[in-house]
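Open the model in your viewer and keep the sequence panel beside it. The stops below say what to select next and what is there.

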Protein chains: 2
Amino acid sequence: MPKSAGRTLPDVDKQLSFALYGAANRLVRMHKPFLDALGLTFPQYLVMLELLGSGPRSVGELGTKLGMDTGTITPLVKRLEQGGFVSRRRDAKDERRVLVDLTSSGEAMRERIRVVPDRIKTACQIPDDRADELRDVLNGIGRSDDD
Amino acid sequence: MPKSAGRTLPDVDKQLSFALYGAANRLVRMHKPFLDALGLTFPQYLVMLELLGSGPRSVGELGTKLGMDTGTITPLVKRLEQGGFVSRRRDAKDERRVLVDLTSSGEAMRERIRVVPDRIKTACQIPDDRADELRDVLNGIGRSDDD
DNA sequence: CGCTTATATCTAGTACACTAGATATATTTC
DNA sequence: GAAATATATCTAGTGTACTAGATATAAGCG
């Protein structure tokens with residue numbers, strides 16, 4: 001067996017980075033049946049949550065909030081637009097910006113979207129206080145002490 | 001209790017799923033400078049860790065271990081092969097299987113790969129015991145009580 | 001032996017997520 | 001007010017990650 005001279009490599013599934021990467025993938029998979037029923041992908045669902053919670057947002061603001069590049073957000077939002085869930089228009093105040101807003105069809109999803117987090121929480125079987133604690137730890141990972 | 005007027009959508013960044021998704025993305029970004037120097041992407045790095053730690057593996061075994069589909073693993077491994085890090089050959093014992101093994105060039109990366117987890121741990125600033133605890137919680141997420 | 005079923009891998013098509021570079025509008029400076 | 005700079009978005013290209021369907025080998029059965 002290639003156990004190499006003295007130093008062994010830490011087993012891949014002993015590593016936090018692997019655990020985190022896998023958990024995120026599994027979490028997206030868990031969402032899929034619920035989101036398929038709504039015609040949304042996971043990142044699209046995050047954008048919808050933000051719009052439902054905070055109102056119209058520019059492409060750049062969505063990227064900042066969700067920690068994604070505009071090169072990711074633009075095609076994602078275009079698919080939401082094609083699905084009829086959001087509208088895109090130039091900001092009259094600053095024509096460089098594109099404002100993304102819910103259509104009536106998107107707004108109408110509010111109640112159906114709202115139940116998704118609860119279903120996931122149930123499936124995860126993690127108590128609320130434990131989940132909050134975990135969330136805070138995760139939110140601290142990989143941030144360069146600003147934002 | 002007012003029926004729906006009072007119920008607001010939970011803020012997107014109060015949610016575990018969002019925190020987990022974002023943390024995984026940030027973690028991959030943290031790895032990038034180290035892995036770029038080795039000519040690896042993050043999932044390719046996970047495959048290399050597994051091969052360095054456990055020896056030759058079939059495509060299917062890699063997929064099971066890493067929680068990924070063969071439709072993901074196959075092109076990924078082909079890129080590793082193109083990079084000269086691994087070889088692929090049919091298993092003589094069962095010609096349905098494709099065995100992935102390290103080349104000498106791949107084996108030679110052992111020491112350079114081994115230091116990556118430490119650098120990340122330092123950058124994350126999470127104490128070891130805390131990281132182990134977090135890892136165990138993450139490993140429990142989204143598994144259907146088998147595997 | 002030929003037929004069926006199971007297993008393992010591969011191919012094709014959609015959707016992220018990133019980087020780098022192009023385009024378009026705003027703002028500043030002279 | 002025209003040129004230079006800054007900001008916001010978009011486009012193109014690479015690499016995951018998924019699903020569904022195709023191919024190829026293996027194993028079981030009449």
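A salt bridge here is a side-chain nitrogen of Lys or Arg within 4 Å of a carboxyl oxygen of Asp or Glu. This is a predicted model, in which local features need pLDDT of at least 70 and side-chain atom pairs count only at pLDDT 80 or more, while totals for chains, interfaces and linings use all residues. Residues are numbered from 1 along each chain as its sequence is written, chains are lettered from A and ligands numbered from 1 in the order in which they are written, and side-chain values use heavy atoms, with hydrogens and water left out.

**Stop 1: chain A as a whole**

Chain A has eight helices and three strands (helices are DSSP runs of H or I with at least four residues, strands are runs of E with at least two, and both are numbered from the N terminus). Followed from the N terminus, the order of elements is α-α-β-α-α-β-β-α-α-α-α. The radius of gyration of chain A is 19 Å, well over the 15 Å that the globule rule gives for 147 residues, so chain A is more spread out than a compact globule. That radius is taken over C-alpha atoms, and the globule rule is 2.2 Å times the number of residues to the power 0.38. Along the principal axes, the C-alpha trace of chain A spans about 65 × 35 × 30 Å.

Now colour chain A by accessibility. Of its 147 residues, 43% count as buried (buried means under 20% relative accessible area, exposed over 50%, and partly exposed in between, with a 1.4 Å probe and protein chains only).

**Stop 2: a histidine in helix 1**

Select A:His31, which is found in helix 1 of chain A. Is A:His31 buried or exposed? At 1% relative accessibility, A:His31 counts as buried. Leaving aside neighbours within four places in sequence, A:His31 is in contact with A:Phe42, A:Tyr45, A:Val116, A:Ile120 and, from chain B, B:Ser17 (contact means heavy atoms within 4.5 Å).

**Stop 3**

Next, select A:Lys32 and A:Asp36. Their side chains meet in a salt bridge, with 2.9 Å from N to O. Both residues lie in helix 1 (residues 16-38) of chain A, four residues apart, which is about one turn of the helix. A:Lys32 is partly exposed at 48% relative accessible area, and A:Asp36 is also partly exposed, at 45%.

**Stop 3: a pair in helix 6 of chain B**

Move to chain B and select B:Arg114 with B:Glu111. The closest N and O atoms of this salt bridge are 2.5 Å apart. Because B:Arg114 and B:Glu111 are three residues apart in helix 6 (residues 110-114) of chain B, about one helical turn separates them. B:Arg114 is buried, with a relative accessible area of 15%, whereas B:Glu111 is partly exposed at 41%.

**Stop 5**

Select B:Arg57 and B:Glu50. They form a salt bridge whose closest N and O atoms are 3.3 Å apart. B:Glu50 is buried, with a relative accessible area of 2%, while B:Arg57 counts as partly exposed at 23%.
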